[in-house]
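Look at the fold before the details. The text below starts from one side chain and then widens to the chain.

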Amino acid sequence: MGIIAWILIGLLAGAIAKALMPGRDPGGIIITMLIGIAGGLLGGWLGKVIFGVDSLDGFFDLSTWIAAIVGSMILLGLYRLFAGGRHRHA
């Protein structure tokens, strides 16, 4: 798959991850989109390393989307954990 396809998958995976993990995020829509793109790449890499699955088969392959969404959820959770604590005031 090309870089444009990964950007599209990442954008959509970020939106899906945000829908699956509702709540306030320290960043806006741009941050969520960037997390989605990075999460898609992370999910593909983790799927290959941990499970030996080649999740880079194609744009419409289910394993590609699952890996991208899971990777986005992981990064969104980590982002909320680390960036969310900085903005809280007593």
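Trp 65 counts as buried because its relative accessibility is 17%; buried means under 20% relative accessible area, exposed over 50%, and partly exposed in between (1.4 Å probe, protein chains only). Trp 65 sits in helix α3. Its C-alpha lies 9.0 Å from that of Gly 10, although 55 residues separate Trp 65 and Gly 10 in sequence.

A word on the basis. This is a predicted model, in which local features need pLDDT of at least 70, side-chain atom pairs count only at pLDDT 80 or more, and totals for chains, interfaces and linings use all residues. Residues are numbered from 1 along each chain as its sequence is written, and side-chain values use heavy atoms, with hydrogens and water left out.

The protein chain has three helices and zero strands. From the N terminus, the order is α-α-α. Helices (H or I, at least four residues) and strands (E, at least two) are DSSP runs, numbered from the N terminus. Of the 90 residues, 33% count as buried.

Is Ser 72 buried or exposed? Ser 72 counts as buried, because its relative accessibility is 1%. A polar atom of its side chain lies 2.9 Å from the backbone oxygen of Ala 68. Beyond its neighbours within four places in sequence, Ser 72 touches Ala 13, Gly 14, Ala 17, Ile 35, Gly 36, Gly 39 and Gly 40.

Helix α3 also holds Leu 62. Leu 62 is exposed, because its relative accessible area is 59%. With Ile 66, Val 70, Ile 74, Leu 78, Leu 81 and Phe 82, Leu 62 forms a nonpolar surface patch of about 700 Å² accessible area together. The protein chain exposes about 5,600 Å², with 74% supplied by carbon and sulfur atoms. Areas come from the Shrake-Rupley method with a 1.4 Å probe; for residues, only the protein chains shown count as cover.

Last, confidence. The chain averages a pLDDT (the predictor's confidence in each residue, from 0 to 100) of 76, and 77% of the residues score at least 70.

Key: Polar contact = N/O pair within 3.5 Å; in protein donor to acceptor, adjacent residues only side chain to side chain. Contact = heavy atoms within 4.5 Å. Patch = residues over 30% accessible without salt bridge, like charges linked within 9 Å, V, L, I, M, F, W, Y side chains within 5 Å. Salt bridge = Lys/Arg side-chain N within 4 Å of Asp/Glu carboxyl O.
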